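Please look over the sequence and the model first.

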Amino acid sequence: MSMIDDSRPLRLGLALSGGGSRAIAFQLGCLRALNEIGILNRIDVISSVSGGSVLAGLYCAREEPFEAFEARVRAMLQAGLQDRIVAALVSPLGLRAFGSFAITLASAVPLAIVGALASMAADWRLKAKLRRALRSRRIRRVTRTDFLERVLRGSDLMGEIALSDLPSARPTLIVNAAELATQTAFRFSAAGSGSWRSGPVVNADFRLSEAVTASAAFPLLLPAIDREYDFDSDGETRRQRVLLTDGGIYDNLGLQAFDPTRPQRYAFAVAPVDVIIACIAESGLPTGADFPLFLGARAHAAFSTVHRQLHRMGMGALHEWRASGRIRAFIMPYLGQDDTKLPPVAGDPAPPELGSLRDYPIDFAAMPRDVMDALIARGESQTRRLARAYLVPMLNECAA
């Protein structure tokens, strides 16, 4: 029995996964296809993670023609963000960051001593106390993550706009980060920001650039955002320290903000929808050609294995929600897709082969024009085929 309320218009959700600039380019192609078909302007909610949050932020920041939006994204991809971050070092913020780093460096010796004592302590209770002492170090007010936020705040990108001031003509935006202390999702939206563990942040109107930076702060490259906020905890205001990092640590697909099975108690900033378009910028199954023999390679392979299993579970949830009638339909443009399984569209060229695109890094360095064009074309072709085969007929039937 369907759980969809057929008496109201269908709500459409767009999930934009993580994946750095690779995700931005691939998902720009997805949005191109949705715009061409006439679905993009019907999207009600966007749930984004990491690189997908950069693209979602750029799209939701301004009410402008798609061509102007695409031109801005292409210019950003070709120029990259890394050089702009380096340029921001020669600024007052750079001096503050250097001072914060110097203090952190000065505390490294006593912290190393505490760490050594923790490793040598025979009693497990003493070990736990010493490790807690390591974790309760001073707040780092300025880090290199703040330079990413400053760059995203540029007038050609997101500007000074607050989440509450996003154009109403754009979809509702949910930006997903991860909170390391409680190990939960931390979501930013115009309706409220926070997590189910801590509650909503009191009287906080975050800038769009702040939310996107928290979502995109990949922990191996950028320090977590270390802040204290006032939270509304069951009617009482409570001050709490949080460590915000890349949302992909918790949910790299951005799907959990649409979870229709989530109990209300744990459903902070969850927005169930009827149709989900999940644009996933992951490169697919590993070929097995690489053998991770050394420590760094083994750690990376172990992380990737866990990450891949979480992706598989997220993709499986889409199928379960559809089979149980909790959503009407979904499509899943997927960078690593086996293209032979895509539905054919008359006159539509096949997507560019994955090939070396599989290995393109997920940083924010300047992207070569040919790589950008191939990633965009791949996302566009996949989305066009899937949307025309599975969404357009259903949406037309519902509109009739």
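Helix α3 passes helix α12 in a right-handed crossing, where right-handed means that the near helix is turned clockwise from the far one by less than a right angle, and left-handed means anticlockwise. Helices are DSSP runs of H or I with at least four residues, numbered from the N terminus. The model is predicted, so local features need pLDDT of at least 70 and side-chain atom pairs count only at pLDDT 80 or more, while totals for chains, interfaces and linings use all residues. Residues are numbered from 1 along each chain as its sequence is written, and side-chain values use heavy atoms, with hydrogens and water left out.

**α3 and α12**
- The axes of α3 and α12 (residues 369-399) come within 10 Å and cross at roughly 135°; axes are lines fitted to C-alpha atoms, for helices over the stretch in contact, with angles from 0 to 180 degrees between N-to-C directions.
- α3 and α12 are therefore oblique to each other, the class left over when angles under 35 degrees count as roughly parallel, over 145 as roughly antiparallel and 65 to 115 as roughly perpendicular.
- From α3, R74, L77 and Q78 meet R369, M372, D373 and I376 of α12, contact being heavy atoms within 4.5 Å.
- The contact of α3 with α12 has 3 nonpolar, 1 polar and 3 charged residues; Ala, Val, Leu, Ile, Met, Phe, Trp, Tyr, Cys and Pro count as nonpolar, Asp, Glu, Lys and Arg as charged, and the others, Gly among them, as polar.

**α2 and α3**
- The axes of α2 and α3 cross at roughly 140° and come within 10 Å, and the crossing of α2 past α3 is right-handed.
- V54, L55, L58 and Y59 of α2 meet F69, R72, V73 and M76 of α3.
- The contact of α2 with α3 divides into 7 nonpolar residues, 1 charged and no polar.

**α2 and α9**
- α2 (residues 51-61) and α9 (residues 208-216) have axes that come within 9 Å and cross at roughly 165°.
- That angle makes α2 roughly antiparallel to α9.
- S53, V54, G57 and A61 in α2 are in contact with L208, V212 and S215 in α9.
- By class, the contact of α2 with α9 holds 4 nonpolar, 3 polar and no charged residues.

**Cavity**
- The whole structure has 1 cavity of 30 Å³ or more, a cavity being a set of points on a 1 Å grid over the protein atoms alone where a 1.4 Å probe fits but cannot get out, with lining residues having an atom within 4 Å of a point.
- The largest cavity has a volume of about 40 Å³, taken as the space filled by probe spheres set on the points.
- Its lining consists of S21, I24, M76, L77, G80, L81, F364 and A365.
- α1 (20-37) and α3 (66-79) each supply at least two residues of this lining.

How values were computed. On a 1 Å grid over the protein atoms alone, a cavity is a set of points where a 1.4 Å probe fits but cannot get out, and a pocket is an open set with protein on both sides within 12 Å along at least five of seven lines; lining residues have an atom within 4 Å of a point.
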